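Please open the structure in your viewer and keep the sequence beside it.

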Amino acid sequence: MTMLIELISKGIEDYGFRQVLLWSPDDLSSLYNLSDAEINLLKGSIHAELLKLPNPVEPEQREKYIQFFTDLVS
């Protein structure tokens, strides 16, 4: 799940990458060796929460959101 958290963190910081997380999670599977469980998380609860993020996520808010997603994945 470490790779998944790294990808989500990148999506929080980079809106363009967030779009890949939201709309092309299957493409990430082969690139980052994500498990079926991780892909299902991206398509389910993580997808719903990523849609709620502000655009952009301000630098001072990023750690808060990264921690939120870390807790959600765990």
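What follows is a short walk through this predicted model.

Residues are numbered from 1 along each chain as its sequence is written. In this predicted model, local features need pLDDT of at least 70 and side-chain atom pairs count only at pLDDT 80 or more, while totals for chains, interfaces and linings use all residues, and side-chain values use heavy atoms, leaving out hydrogens and water.

Begin with the protein chain drawn as a cartoon, where you will find six helices and zero strands, a helix being a DSSP run of H or I with at least four residues and a strand a run of E with at least two. Next, show the C-alpha atoms, which fill a box of roughly 30 × 25 × 20 Å along the principal axes.

Finally, select Phe68 and Phe69, whose rings form an aromatic pair (centres within 6.5 Å). How are the two rings of Phe68 and Phe69 placed, in centre-to-centre distance and in the angle between the planes? Their centres lie 5.3 Å apart and their planes stand at 85 degrees, which is edge-to-face; planes under 30 degrees apart count as stacked, over 60 as edge-to-face and the rest as tilted. Phe68 counts as partly exposed because its relative accessibility is 38%, whereas Phe69, at 2%, counts as buried.

Terms used:
Phe/Tyr/Trp six-rings, centres within 6.5 Å; stacked < 30°, edge-to-face > 60°. Buried < 20%, exposed > 50% of the residue type's maximum accessible area, 1.4 Å probe, protein only.
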